[in-house]
Amino acid sequence: MKTFLLTLTLLITALCPSAQTRIVKNSHPEGRIIYSDPADREAALLLQDFVERISDARIPIKDGNVKPRKGDVVIRRTADNTVTEDGFRLSTTPGYLIIESGNGKGSSYGVVTLLEQWLGCNYWGENEYTVPRSRDISLPLIEMTDNPAFRYRQSQNYALATDPIYRTWMRLEEPADEFAGGLWVHTFDRLLPSSVYGKEHPEYYAYFGGKRHPGKASQWCLTNDEVFETVAARIDSIFKANPGRNMISVSQNDGNYTNCTCPSCKALDEEEGALSGSVIHFMNRLAKRFPDKQFSTLAYLYTMHPPKHVKPLPNVNIMLCDIDCYREVPLQDNASGQDFMKALDGWSKISDNIFVWDYGINFDGTSTPFPNFHIIQPNIRTFRDHNVKMHFSQIAGYRGGDMSELRTYLISKLMWNPDANADSLMHTFVNGYYGEAGPYIYQYLKIMEGALMGSRIPLWIYDSPVTHKDGMLNPILRRTYNELFDKAEQAVAGDSALLARVQRSRLPLQYSELEIARTDQNKNVDDINAKLDLFEQRSRRFGLKSINERNNSPIDYCNLYRERYLPRSTANIASGATVTSDLPLNATYDRLGTKVLTDGLFGGATYKDSWIGWEGTDVTLTMDLGCEREIRSIDSDFLQQLGAWILQPLSVTYSVSSDGKKYSEAQRHELPEDSDPKVKFVSVKQTFDSPINARYIKIEIEGTKQCPHWHYGVGNPCWFFIDEITVE
């Protein structure tokens, strides 16, 4: 397709020689690349590089005030305010090309547009690009101005850190480009470290539940004048140490329900009718103290809604997050999105300095299919129409993650122009990136998209393939997806680079099959072992480093799968046993009941299947084996998933009985505190020196009950989750 465009450009210019601007003839440059502003050197080098890749001609670069001549490309700055930040103008005058930009990187983006639209180039992923070959390069009459919809555009992809051209081509920015000192979101503890101030000044930190909560994840007491002055002094020093950076994030630590409820803060928030009230009052004080600086703060979880009376000053940036919304349909059509839309409407009425953080990621399964492509454009248009100026689309973008390359490509194009033809962009990518396999990949994506919407199962950012095993990932559809991937692999079997791209993109489907298979009572062990071996081999080959936000590796996953989910050689005599609890189950988990503790299926890394749990309490479970049995060991399985406020218990105590009345106590097992963010399965096992006979087993679980100071749920109740109980 790109070769056709280049041929068409050359044909048009041949038929209309008066409109022609010839850059290269017979692999020799016709002119020079001229720039005068040092900020445009990157653009000059990018153009020189790709013209040489196309034609073998290396155009000389001249910096300074040089008079242009035929064949030249002139890169310069313009004072014309119709060219906005990062925008550009391309125009051909008789014989030469002018690339003009305002502030930012507009000249480089102008070069990218020239290369894409007129010279047939495209960039897909890390050092993955298409460049047609031609000994001659001429341009037709060009006159265009192009400005981005958002002045700041941020997303995620592994190639951003390794391939500078990729980042420029995708027209993406990173926090370090904008925020002083690397202070970008959740900065309270970095600005006012609890390790420094917590012990001597607990009054600096949030009051709730009858006490102050100084800690790494704590929020501030925003009405405390000493907090303001201490923070203002810190901010002043950061700006002085980072000349050229005029923006900083002063924003709540991650977590919910941790805001200060001291009398002053509570009164202010109640007056404003929102928990953001005290935050905006604090930010406005900073904005007045530093009127030439920008202060970004989160409207996130408990601060999502705007205050009723106070308005953010013009140099207060509101970073509004839609974390609690489902993703199967656009925000405006989704019941869970209505609260966010209410917040967006409210903020847009009192501020024109809004930064939207949108989530297109499955945190618990970055290698799980996440078919949200159909909602990307409607949501971006919604943000644009509400006068949002800055946008971060969080997608993870791991190597081997779900369509990471396509996702970044599509998002980057639509953040620049929300009215571009999204389906055309998708076709361009899949056909350019996968070659002859492209139509099969496109069909796979579209079938899954339709299956998701038809299933009416929500798409969640903490999802599991198991959630969709009767919907978009049901057996018939999985067979269809695999047939399409088989055809895709066959279509490019002779091209190792294209075949690798197809196989790498298949990893999320393979992972989903493994996850769904582990919940099947009647596993085909040989088939699962073969799939595990293939997934592990391809994960190594393609550099898949993590399967979730917590950085659990696919290799560890495969090893754990073999140990945890495949049939064991020793029988579990507790299989099918009755388990009762001294406390009722939380309503969310009552549908599972305690039968999941002895069903032979071990839970996965999300708490959505097999696990049952209790919040903020201790629990005693009693198991009835049905008759007296010889017991050598007892083992209980617990989940540690800090992101979901699930912590392993403090202790587990086992005792046994023959009659269910008189119990003999075995050992109490204490578990050390663990702040490692990786998802973990925690075994608490009691092995007896010699076999004992018993019918009843009592398991007393001492929950952690409250999130510790280092956890972002500090001071709030936490959960413990238990799954399989094994008795041998």
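Start by selecting Ser-218, which lies in the loop between strand S14 (211-212) and helix H8 (225-241). The model on screen is a predicted one. Ser-218 has a relative accessible area of 3% and is therefore buried. Show the residues around Ser-218: leaving aside neighbours within four places in sequence, the contacts are Phe-188, Tyr-205, His-213, Asn-253 and Val-714. Ser-218 and Trp-710 are separated by 492 residues in sequence, yet their C-alpha atoms are 8.3 Å apart in space.

**Confidence**

Colour the model by pLDDT before going further. The mean for the protein is 94, and 97% of its residues reach 70 or more. Residues 1-18 stay under 50. For that stretch the model has 22 contacts beyond four places in sequence. Where pLDDT is low, the predicted coordinates should not be read in detail.

Select Asn-259 next, in the loop between strand S15 (247-249) and helix H9 (263-272). Its relative accessibility is 12%, so Asn-259 counts as buried. Not counting residues up to four places away in sequence, Asn-259 touches Ala-206, Tyr-207, Phe-208, Gln-219, Leu-275 and Tyr-302.

Now select Cys-260 and Cys-262. Cys-260 is buried at 5% relative accessibility, and Cys-262 is buried at 6%. A search of the whole structure finds 0 disulfides.

**Helix H2**

Move to helix H2 (residues 41-55). Display the side chains: the buried residues in H2 are Ala-43, Ala-44, Leu-46, Leu-47, Gln-48, Phe-50, Val-51, Ile-54 and Ser-55. Just after H2, Asp-56 takes a positive phi of about 70 degrees.

**Aromatic pairs**

A pair of aromatic rings is described by the distance of the centres and the angle of the planes. The count for this structure comes to 42 aromatic pairs. Take Phe-50 and Tyr-129: the ring centres are 6.1 Å apart and the planes are at 70 degrees, so the pair is edge-to-face. Phe-50 in H2 and Tyr-129 in strand S9 (residues 128-130) are 79 residues apart, and the pair links distant parts of the chain. Phe-50 is buried at 0% relative accessibility, whereas Tyr-129, at 35%, counts as partly exposed.

Select Trp-124 and Phe-429 for another edge-to-face pair, with 5.6 Å from centre to centre and 85 degrees between the planes. Trp-124 is in strand S8 (residues 122-125) and Phe-429 in helix H14 (residues 422-434), so the pair ties together parts 305 residues apart in sequence. Both Trp-124 and Phe-429 are buried.

A cluster comes next. Select Trp-184, Trp-357, Tyr-359, Phe-363, Phe-392, Trp-460 and Tyr-462, which are linked by ring pairs.

**Lysines over rings**

Which ring does the charged end of Lys-293 sit over? The ring is that of Phe-239, with the charged end 4.9 Å from its centre. Then go to Lys-698, which lies over the face of Tyr-663 at 4.2 Å from the ring centre.

**Positive phi**

The last stops concern the backbone. Most residues other than glycine have a negative phi, and most peptide bonds are trans. Select Leu-301, in the loop between strand S16 (294-299) and strand S17 (316-321). Leu-301 is not a glycine, yet has a positive phi of about 55 degrees. At 22% relative accessibility, Leu-301 counts as partly exposed.

Finish at Met-403, in the loop between strand S19 (390-394) and helix H13 (404-416). Its phi is near 50 degrees, a positive value in a residue other than glycine. Is Met-403 buried or exposed? At 1% relative accessibility, Met-403 counts as buried.

Definitions and conventions. Residues numbered from 1 in each chain as written. Predicted model: local features only at pLDDT ≥ 70, side-chain atom pairs only at ≥ 80, totals over all residues. Heavy atoms only, no water. pLDDT = per-residue confidence, 0-100. Contact = heavy atoms within 4.5 Å. Phe/Tyr/Trp six-rings, centres within 6.5 Å; stacked < 30°, edge-to-face > 60°. Helix = DSSP H or I, 4+ residues; strand = E, 2+ residues; numbered from the N terminus. Buried < 20%, exposed > 50% of the residue type's maximum accessible area, 1.4 Å probe, protein only. Lys NZ or Arg CZ within 6 Å of the ring centre and 35° of its normal. Disulfide = S-S within 2.5 Å.
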